[in-house]
Amino acid sequence: MKKLFFILTMLSAATTMSAQVALGGEIGFGSAHTHQTNVSDHNIFVRPEIEFGLSDKFSIGVALGYEHDDQTGEMASNIWSIQPFVRYFFLQVGAFSAFVDGTLDYSTAHTHQYRKNTNAIGAFVRPGISYRLTKHVSLEAHLGDGLYYNHTWNEGFKGEVNADGTVKYLPQERRNTNKYGFKLLSEICFGVSYDL
């Protein structure tokens, strides 16, 4: 609760310092089907964000994310995330600009069949580009995760057995995982920003 209050305070302070406020975000979907097993995987995500310009070079903001992943006949998960960020514009040429985001990340995922939550915290520094279409509208793209660190933990799962005694879901142990690395251009996310 204290972290949320701190973020809201920072955003409120930024609003009073500058009139530059932008609403934006990303939305996407994907689908895959494996013929041999007749299993389909459908995924959709939405990530709205609000950004407060502090100067021509710096801005701060926060993004809220939701993702739904559904494997037919297997499992379905809902993932929620919050990502406060600082953005630095290091290059501006005409309508084009390049920036880098320093982002903190917290997410929690609930898998319905396992009835368990998986939580993650992390941070990443990733590059992006922006193209201003009009006075108010810009197209943006993030170029991969950049330099990242992620810590994931869950409470495990006892398993589940069908009425006839066969195993429906195998038990899973409690796990803690640390990941870090550098990924550039591995995944490009496009978005739109609207300056108020």
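This is a predicted model: local features need pLDDT of at least 70, side-chain atom pairs count only at pLDDT 80 or more; totals for chains, interfaces and linings use all residues.
Biologist: What makes up the protein chain, in helices and strands?

Modeller: The chain has 1 helix and 12 strands. Along the sequence, the order is α-β-β-β-β-β-β-β-β-β-β-β-β. Of its 196 residues, 33% are buried.

Biologist: Why is Glu49 called buried?

Modeller: Buried means under 20% relative accessible area. Glu49 has a relative accessible area of 8%, so Glu49 is buried. Arg47, with a relative accessible area of 9%, is therefore buried by that rule as well.

Biologist: How do you know that Glu49 forms a salt bridge with Arg47?

Modeller: A salt bridge requires a side-chain nitrogen of Lys or Arg within 4 Å of a carboxyl oxygen of Asp or Glu. The closest N and O atoms of Glu49 and Arg47 are 3.3 Å apart, so the pair meets the rule. In general, side chains of opposite charge can pair when their charged atoms come close.

Biologist: What makes the contact between Arg87 and Glu51 a salt bridge, and which strands hold the two residues?

Modeller: From N to O the distance is 3.2 Å, which lies within the 4 Å cut-off, and therefore the contact counts as a salt bridge. Arg87 belongs to strand β4 and Glu51 to strand β2, so the pair ties together parts that are 36 residues apart in sequence. Both Arg87 and Glu51 are buried.

Biologist: Which other residue forms a salt bridge with Arg87?

Modeller: Asp101 does, with its closest N and O atoms to Arg87 being 2.7 Å apart. This pair links distant parts of the chain, 14 residues apart, because Asp101 is in strand β5 (residues 96-111) and Arg87 is in strand β4. Asp101 and Arg87 are both buried.

Biologist: How many salt bridges are there, and which residues are linked in a network?

Modeller: The count comes to 7 salt bridges. The network links Glu26, Arg47, Glu49, Glu51, Arg87, Asp101 and Glu140.

Biologist: What lines the largest cavity?

Modeller: Its lining consists of Gly25, Glu26, Arg47, Glu49, Glu140, His142 and Gly191. The strands β1 (21-34), β2 (39-53) and β7 (137-143) each supply at least two residues of that lining. The volume of the largest cavity is about 40 Å³, and the structure holds 1 cavity of 30 Å³ or more.

Biologist: What is known of the largest pocket and its lining?

Modeller: The largest pocket has a volume of about 1,300 Å³. Its lining has 42 residues, and those nearest the centre are Glu67, Ile79, Asp105, Ser107 and Asn150. Two or more lining residues come from each of β2, β3 (58-71), β4, β5, β6 (116-132), β8 (146-154) and β11 (176-183). The largest share, 7 residues, belongs to β6. By class, the lining of this pocket has 13 nonpolar, 17 polar and 12 charged residues.

Biologist: Why is Phe90 called partly exposed?

Modeller: Partly exposed lies between the buried limit, under 20%, and the exposed limit, over 50%. Phe90 has a relative accessible area of 44%, and therefore falls in between. Phe90 is placed in strand β4.

Biologist: What makes up the nonpolar patch on the surface?

Modeller: Leu54, Phe58, Val86, Tyr88, Phe90, Leu91 and Val93 form the patch, with about 620 Å² of accessible area together. Strand β4 (residues 75-93) gives the most to the patch, with 5 residues.

Biologist: How do you know whether Asn78 and Ala109 are buried or exposed?

Modeller: Asn78, in strand β4, has a relative accessible area of 11% and is therefore buried. Ala109, in strand β5, has 14% and is therefore buried too. The C-alpha atoms of Asn78 and Ala109 are separated by 5.5 Å, although the residues are 31 apart along the chain. Between Ala109 and Tyr66, 43 residues apart along the chain, the C-alpha separation is 9.7 Å.

Methods. Residues are numbered from 1 along each chain as its sequence is written. Side-chain values use heavy atoms; hydrogens and water are left out. On a 1 Å grid over the protein atoms alone, a cavity is a set of points where a 1.4 Å probe fits but cannot get out, and a pocket is an open set with protein on both sides within 12 Å along at least five of seven lines; lining residues have an atom within 4 Å of a point. Grid points are joined across faces, edges and corners, and a volume is the space filled by probe spheres set on the points. Helices (H or I, at least four residues) and strands (E, at least two) are DSSP runs, numbered from the N terminus. Patches are made of residues with over 30% relative accessible area and no salt bridge: like charges are joined within 9 Å, nonpolar side chains (Val, Leu, Ile, Met, Phe, Trp, Tyr) within 5 Å. Accessible areas come from the Shrake-Rupley method with a 1.4 Å probe; for residues, only the protein chains shown count as cover. Buried means under 20% relative accessible area, exposed over 50%, partly exposed in between (1.4 Å probe, protein chains only). Ala, Val, Leu, Ile, Met, Phe, Trp, Tyr, Cys and Pro count as nonpolar, Asp, Glu, Lys and Arg as charged, and the others, Gly among them, as polar.
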